[in-house]
Amino acid sequence: MSIQTLPLALTGIHTDIGKTICSAVLVQALGCDYWKPIQAGSLAHTDTLRVRELITRTDVCLHPDAHRFDLAASPHIAAQVQNTVITIDDCSPPHTTRPLLIETAGGVCSPMTMQHTVADVLAHFGWPTVLVVRHYLGSISHTLCAIDALNIRGVRLMGIIVSGQANTDSEQFITAYAHTRILARVDELPQITPEHINVQAHRFAQNLPSELHAWCTTHG
């Protein structure tokens, strides 16, 4: 299967790293559909609803979650509490004729099922993947461990998106050591609003990385 027909997965070095904000920026910039397979917790304001609130496009589809759990916990634990079993086939993407962005839960090695981590799921489906990184004390180690986990499973890492403030020293080490590059940056936003998302999306679309040219068609 060619890269043009595969979804693009967006994962992070851990939870609360900025994946949903980055997802909103990519959906706004690229005109792609969006899907989060598993939502655990915050059912009144899911990540899918948050993306919907933050984008102004009306030509994209935000597909329903495959599973929704009340407990804000690792998906395999949240499912167990509700007497549900998640299988890897539950992560089969919905049908769409548009490019599809898939936001994963938690970090690269967060459990998705009782037998599979996020990285295992990415490898199983062969999705090209973008890694969201945020800089903090210890983030170099977390980033390199995440990249290693993807590499040993044969996941195609297309590059990194930096969420928040830049750190030149950290970024130079990560990109040189891991032989990857930074595709884009999403700034630390003073307010998380559609207006601020649109500014970031416009900048992303104007500087669309070559790695994504083969995957998506930009709109607008």
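Is Asp59 buried, exposed or partly exposed? Asp59 is partly exposed, with a relative accessible area of 33%; buried means under 20% relative accessible area, exposed over 50%, and partly exposed in between (1.4 Å probe, protein chains only).

This is a predicted model, in which local features need pLDDT of at least 70 and side-chain atom pairs count only at pLDDT 80 or more, while totals for chains, interfaces and linings use all residues. Residues are numbered from 1 along each chain as its sequence is written, and side-chain values use heavy atoms, with hydrogens and water left out.

**Salt bridges**

Side chains of opposite charge can pair when their charged atoms come close. A salt bridge here is a side-chain nitrogen of Lys or Arg within 4 Å of a carboxyl oxygen of Asp or Glu. The whole structure holds 10 salt bridges. The table gives some of them, including the one made by Asp59.

| Pair | N to O distance |
|---|---|
| Lys36 and Glu103 | 3.8 Å |
| Arg57 and Asp59 | 2.9 Å |
| Arg185 and Glu171 | 2.7 Å |

Lys36 sits in the loop between β2 (33-35) and β3, and Glu103 in strand β6, so their pair ties together parts that are 67 residues apart in sequence. Helices (H or I, at least four residues) and strands (E, at least two) are DSSP runs, numbered from the N terminus. Both partners are buried: Lys36 has a relative accessible area of 8% and Glu103 one of 2%.

Arg57, the partner of Asp59, is buried at 11% relative accessibility. Arg185 in strand β9 (residues 182-186) and Glu171 in helix α6 (residues 168-178) are 14 residues apart, and their pair links distant parts of the chain. Arg185 is partly exposed at 35%, whereas Glu171 is buried at 7%. Salt bridges with shared partners also join Asp33, Arg57, Asp59 and Arg98 into one network.

**Helix α1**

The 12 residues of helix α1 (residues 19-30) should span 16 Å at 1.5 Å a residue, and the end C-alpha atoms are 16 Å apart, which agrees. The expected span is 1.5 Å times one less than the number of residues. Because 12 of the 12 residues of α1 are buried, the helix is largely enclosed by the rest of the structure. Gly31 follows α1 and has a positive phi, near 70 degrees.
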